[in-house]
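Please look over the model below before reading on; the points that follow are meant for someone meeting it for the first time.

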Amino acid sequence: MDFPKLNILLCLSIFLLSSFRAHAKVKFNYCDKKANYDVKVSAVEISPDPVVSGEAATFKIKASSGQAISGGDLIIAVSYLGIPVRTENHDFCEEVSSCPVSSGDFVISHTQTLPSFTPPGSYTLKMTLKDNKDELLTCIKFSFTIKFGSMVSDA
């Protein structure tokens with residue numbers, strides 16, 4: 001194989017690997033593997049991945065429901081090295097594009113900027129969705145990574 005062909009093959013391989021990484025989905029597990037949750041999660045996406053401290057990160061949960069959801073609570077609990085570090089309650093209707101959510105597919109999208117001093121490493125996020133009657137609709141867990149961002153301000 002001559003050098004130009006090898007160079008093209010190498011560049012193509014790097015491009016394909018980098019685009020695969022950018023579009024890779026996050027592996028998740030249901031909190032109770034035996035439960036039959038009303039809301040089924042099909043995918044979790046994090047952007048950017050890894051999350052960068054001091055910058056905005058977006059978590060998208062693609063899900064579906066057999067019934068309409070008129071409201072409820074989205075509880076996000078984050079652990080670092082197995083130690084709970086933050087729990088937040090959000091209004092479900094503020095995390096979806098419109099409410100009530102009709103039966104079928106929908107996306108929960110949450111964007112947050114982490115403090116620049118957030119320690120880098122592996123984190124676990126547990127997301128619980130409850131309806132207006134405080135009944136559990138779904139619960140998932142997944143891991144994500146945080147890396148240090150730039151310590152220099154853009155000011």
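1. Is Cys-31 buried, partly exposed or exposed? Its relative accessible area is 29%, so Cys-31 is partly exposed (buried is under 20%, exposed over 50%, partly exposed in between, with a 1.4 Å probe and protein chains only).

2. This is a predicted model, in which local features need pLDDT of at least 70 and side-chain atom pairs count only at pLDDT 80 or more, while totals for chains, interfaces and linings use all residues. Residues are numbered from 1 along each chain as its sequence is written, and side-chain values use heavy atoms, without hydrogens and water.

3. The protein chain has a mean pLDDT (the predictor's confidence in each residue, from 0 to 100) of 84, and 81% of its residues reach 70 or more. Confidence is lowest in helix H1 (residues 3-22), with a mean of 36, and highest in strand E1 (residues 28-30), at 97. Where pLDDT is low, the predicted coordinates should not be read in detail.

4. Two disulfides are found in the whole structure (a disulfide being a pair of cysteine sulfur atoms within 2.5 Å). One joins Cys-31 to Cys-139, with 2.0 Å from S to S, and it links distant parts of the chain, 108 residues apart. The torsion about this S-S bond of Cys-31 and Cys-139 is about -65°, so the disulfide is left-handed. Cys-139, at 4% relative accessibility, counts as buried.

5. The other pair is Cys-93 and Cys-99, whose sulfur atoms lie 2.0 Å apart, and with -50° about the S-S bond this link is left-handed.

Notes
Helix = DSSP H or I, 4+ residues; strand = E, 2+ residues; numbered from the N terminus.
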